[in-house]
Amino acid sequence: MEKKNFLERDDLETMSMEPLSPMSQMLSSPNLFIVITFGFKTKCNPSTFVEGFKTTLINAPRFSSKMVINYKKNGEPVWIPVSIRVEDHVTVPDLDYPNIENPDQFLEDYTSRIANIPMDMSKPLWELHLLNIKTSNAESVLLAKIHHSVGDGMSLMSLLLACSRKTSDPSALISNSPATKKPVKSMISAWWLIAGLWFMIRVTFTTLVEFFKLMLTTCFLRDTENPLMGNPEDGTQSWKVIHRIISFDDVKLVKNTMNMKVNDVLLGMTQAGLSRYLTTKYDGYTMAQKKKILEKIRFRGAVAINLRPATNIEDLANMMTKGSKCRWGNFIGTIIFPLWIKSENDPLEYVRRAKATMDRKKISLEAFLFYGIIKFTLNFLGGKSVEAFGKRIFGNTSLAFSNVKGPDEEISLFGHPISYVAGSALVGSQALNIHFISYVNKIIINLAVDTTTIPDPHQLCDEIVEALKIIKSAVQEKRSHNMEV
């Protein structure tokens, strides 16, 4: 049952309150949170983490505030600062480690178990679990469960970097690595003006088309029923959270050869993997019949888009050490991305289609419009309408997708070198959430699935990994052929 804390009338006069941002309002349910796994190269020291978080994490405003209901503001939730004791948010389970036969499976089960427990809304919305368990990829792990209203994936990654230090230089913050911008030629000519005018026409037209599609999705346009489609009317979900580590170099090979972005490759391999998986779910049909079924499927994803400029890591570090102000939290939009679910003979067609669709989405202002609609709805119709809007979007699409760029060099968290970072956001009523996180030379595929709809998440993950291998092989063959020519 959803727990709510209500502000008494006298408390309103003495407490400093801050309203939730539009996206935080949409994500205010106790069942919407992010589960992050940090794998370390050494055994973890719980007391070191507790002391470290006392001087960093709790100085971030959202980690030292709790969400309460303000009856003076139509029952809307607000943030109020509270005194906090870090030890109350840290769990160190007493486990019989030597007798754990399969540590990887144990970690997966433990992670899934905490993912199925609603957030305790009576205190600041985060908790940590420290496990000194040796797995295939780490010597120990830290599980962080953070409510989605506290921050989005990019915010939390930036906060991690601000808490961390370079492994090569324990006293140094990791530096931002913003995307390299192409130099802009300062020339004014008739052709330049014509090109600019044509671009504005494209932006306007594409935005109107995508806005119309967004409104149709909000009102009634739902994806075709398929084996990965959740049931928004079914309130019970049984989450399974898994992750898989792959080589970033494989993704970069495809990216560089086909002249596209990393996100294009990840979307392309996702489309290919989902197509492979769905093909196995239509037993009793011939391959020709399966191909026709896939061609008729409307299959879309709600893709999270970061709307903020690059966050300065030094500003976040100052916020936690000196209490300075820094924009942080949920500042994301969402686009409705139609996935190419087909049985293609050419595996590279999946990444070509992903790039073409994303290029069209980038021209439009759909993500900003989405955020604007949420803000307008919150201001004029209230938080309940915002939550209803979110449920319509997530309930009418098949999956949630995001890609978060992590650090390019190895970092340590309070003296503990990090081996990998995995994370899944449990949002909406979709049965499938796919999230990618990069860390140095690794990419971590994260799946959060509702096992009542998808009972075999490992098979789905295998198909996505296999899709990348097939795409990589096709790229290598293409490069070899070009060199011969």
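Which side chain makes a polar contact of 2.9 Å with the side chain of H129? It is the side chain of E127, where a polar contact is a pair of N or O atoms within 3.5 Å; within protein, one must be able to donate a hydrogen and the other to accept it, and residues adjacent in sequence count only if both atoms are side-chain atoms. The model here is predicted, so local features need pLDDT of at least 70 and side-chain atom pairs count only at pLDDT 80 or more, while totals for chains, interfaces and linings use all residues. Residues are numbered from 1 along each chain as its sequence is written, and side-chain values use heavy atoms, with hydrogens and water left out.

**The whole protein**

- The protein contains 14 helices and 16 strands; these are DSSP runs numbered from the N terminus, with helices (H or I) of at least four residues and strands (E) of at least two.
- Of its 485 residues, 52% count as buried (buried is under 20% relative accessible area, exposed over 50%, partly exposed in between, with a 1.4 Å probe and protein chains only).
- Among contacts (heavy atoms within 4.5 Å) with a separation of 6 or more, 79% join residues 24 or more positions apart.

**Around H129**

- H129 sits in strand 6 (residues 126-131) and is buried, at a relative accessible area of 7%.
- Setting aside residues up to four places away in sequence, H129 touches T91, Y110, I114, V141, L142 and L143.

**Helix 6 and helix 11**

- The axes of helix 6 (residues 190-219) and helix 11 (residues 348-363) come within 8 Å and cross at roughly 105°; axes are lines fitted to C-alpha atoms, for helices over the stretch in contact, and angles run from 0 to 180 degrees between N-to-C directions.
- Helix 6 brings R202, V203, T206, T207, E210 and K213 to the contact, and helix 11 brings R360, K361 and I363.
- These contact residues divide into two nonpolar, two polar and five charged; Ala, Val, Leu, Ile, Met, Phe, Trp, Tyr, Cys and Pro count as nonpolar, Asp, Glu, Lys and Arg as charged, and the others, Gly among them, as polar.
- The 30 residues of helix 6 should span 44 Å at 1.5 Å a residue, and its end C-alpha atoms are 44 Å apart, which agrees (the expected span is 1.5 Å times one less than the number of residues).
- Buried residues of helix 6 include V203, T206, T207 and E210, and the buried residues of this helix pack against strand 10 (300-306), strand 11 (332-338), helix 11, helix 12 (366-381) and helix 13 (383-395).
- Helix 11 has 16 residues and reaches 23 Å from its first C-alpha to its last, close to the expected 22 Å; its buried residues include K361 and I363.

**Loop residues to look at**

- E344 lies in the loop between strand 11 and helix 11 and counts as partly exposed, at 28% relative accessibility.
- The side chain of E344 makes a polar contact of 2.9 Å with the side chain of W340, and beyond its neighbours within four places in sequence E344 is in contact with E349 and Y350.
- N259, in the loop between helix 7 (248-258) and helix 8 (262-279), has a positive phi of about 55° although it is not a glycine.
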